[in-house]
Amino acid sequence: MHKLGRGQRDKLQQFITITGASDKVALQALKASDWHLEGAFDVFYSQPQLKTVADSRHLEKLYNRYKDQYVDMILADGITLLCNDLQVDPQDIVMLVLSWHMKAGTMCEFSKQEFISGLQSLGIDSLEKFRERIPYMRSELTDEQKFREIYNFAFGWAKEKGQKSLALDTAIGMWQLLFAEKQWPLVDHWCQFLQARHNKAISRDTWSQLLEFAKTVDGNLSNYDSEGAWPYLIDDFVEYLQENGIIRKSEDADSSLKL
């Protein structure tokens with residue numbers, strides 16, 4: 001330990017705090033990832049030999065605690081109980097990350113297979129371990145690739161069964177949740193624009209393209225290309241921002257955003 005630099009010791013301590021791993025295991029994971037904290041988490045959670053293998057009997061017990069009385073699934077009441085046990089708000093974005101790990105087909109429900117497979121992949125077989133994994137699941141939102149996967153997963157997860165599009169109110173709620181993490185400055189204007197001008201369900205194409213728009217176009221639209229292949233809804237949004245004086249037109253030298 002004494003041979004480690006201060007930055008390395010800090011990372012080691014942070015890794016142990018979040019994962020509950022021993023010094024030896026933490027050191028092994030950090031070295032394997034060249035001391036990149038995100039990479040070390042991936043190493044730790046993807047290699048069963050480094051973590052305690054989830055005990056299937058304990059998983060069954062956990063599932064039975066939350067499963068519905070009449071249906072062999074965990075439904076809204078069970079998820080509320082789970083959130084209470086984890087001391088997490090049901091509206092917390094970490095529940096979306098958990099659902100992504102479980103590959104859940106629908107919001108507010110987990111099949112037995114989804115619940116047990118998801119917890120096995122996270123190395124969870126007790127409430128204590130569940131609580132310990134919450135900071136790790138939160139940290140995944142800062143990983144660009146994982147955020148993109150979680151964002152794209154959210155569309156199918158949040159839409160009504162049998163529907164191809166996502167109800168506008170649901171889409172707005174999801175965008176506000178997701179972009180609060182990425183701090184896209186135009187998210188509130190986007191949601192107001194949709195309610196004022198669109199008022200229809202959101203297609204998968206619009207959903208996925210908006211992430212590209214938020215990631216690649218500056219908050220003041222200085223690099224927005226009106227000839228680009230954006231969906232018409234995004235082009236309309238840019239016009240709406242300009243018409244309402246929220247964004248100055250790009251020909252203005254000091255193009256700026258009024259928030």
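Reader: How much of the protein counts as buried?
Author: Of its 259 residues, 45% do. The model is a predicted one. The cut-off for buried is under 20% relative accessible area.

Reader: Why is Phe-130 called buried?
Author: Its relative accessibility is 0%. Buried means under 20%, so Phe-130 qualifies.

Reader: Where is Phe-130, and what is it in contact with?
Author: Phe-130 sits in helix α8, residues 127-139. Leaving aside neighbours within four places in sequence, its contacts are Leu-82, Leu-86, Leu-98, Leu-119, Ile-124 and Met-137. Take Leu-119, eleven residues away along the chain. The C-alpha atoms of Leu-119 and Phe-130 are 8.4 Å apart.

Reader: Why is Trp-35 called buried?
Author: Trp-35 has 14% relative accessibility. The limit is 20%, and 14% falls under it, so Trp-35 counts as buried.

Reader: What is the phi of Trp-35, and where is the residue found?
Author: Phi is near 65°, a positive value in a residue other than glycine. Trp-35 belongs to the loop between α2 and α3.

Reader: Why is Lys-103 called exposed?
Author: Its relative accessible area is 68%.

Reader: What makes Gln-145 partly exposed?
Author: Its relative accessible area of 46%. Under 20% would be buried and over 50% exposed. The value lies in between, so Gln-145 is partly exposed. The residue lies in helix α9. Its C-alpha is 26 Å from that of Glu-160, 15 residues apart along the chain.

Reader: How do you know that the span of α11 is close to the expected one?
Author: Helix α11, residues 187-198, has twelve residues. At 1.5 Å a residue, 16 Å is expected. From first C-alpha to last, α11 reaches 15 Å. Asn-199 follows the helix, with a positive phi near 50°.

Reader: Which residues of α11 are buried, and what covers them?
Author: The buried ones are Val-187, His-189, Trp-190, Cys-191, Phe-193, Leu-194 and His-198. The cover includes α10 (168-182), α12 (204-216) and α13 (232-243).

Reader: Why might residues three or four places apart in an α-helix point the same way?
Author: An α-helix has 3.6 residues a turn, so such residues point the same way.

Reader: What do the buried residues of α3 pack against?
Author: They pack against α1 (6-19), α2 (23-32), α7 (112-122) and α8. The buried residues of α3 (37-46) are Leu-37, Ala-40, Phe-41, Val-43, Phe-44 and Tyr-45.

Reader: Which residues of the largest nonpolar core touch the most other members?
Author: Phe-15, Phe-115, Trp-175, Trp-184, Trp-190, Trp-207 and Phe-213, in a core of 88 residues. Helix α9 (residues 144-158) gives this core its largest share, eight residues.

Reader: What does Phe-213 touch?
Author: Not counting residues up to four places away in sequence, Phe-213 touches Trp-184, Leu-221, Tyr-224, Trp-230, Ile-234, Phe-237 and Val-238.

Reader: What share of the contacts with a separation of 6 or more joins residues 24 or more positions apart?
Author: 61% of them. The secondary structure comes to 13 helices and two strands.

How values were computed. Residues are numbered from 1 along each chain as its sequence is written. This is a predicted model: local features need pLDDT of at least 70, side-chain atom pairs count only at pLDDT 80 or more; totals for chains, interfaces and linings use all residues. Side-chain values use heavy atoms; hydrogens and water are left out. Helices (H or I, at least four residues) and strands (E, at least two) are DSSP runs, numbered from the N terminus. The expected span of a helix is 1.5 Å times one less than its number of residues. Buried means under 20% relative accessible area, exposed over 50%, partly exposed in between (1.4 Å probe, protein chains only). Contact means heavy atoms within 4.5 Å. A nonpolar core is a set of buried Ala, Val, Leu, Ile, Met, Phe, Trp, Tyr and Cys residues joined through side-chain atoms within 4.5 Å.
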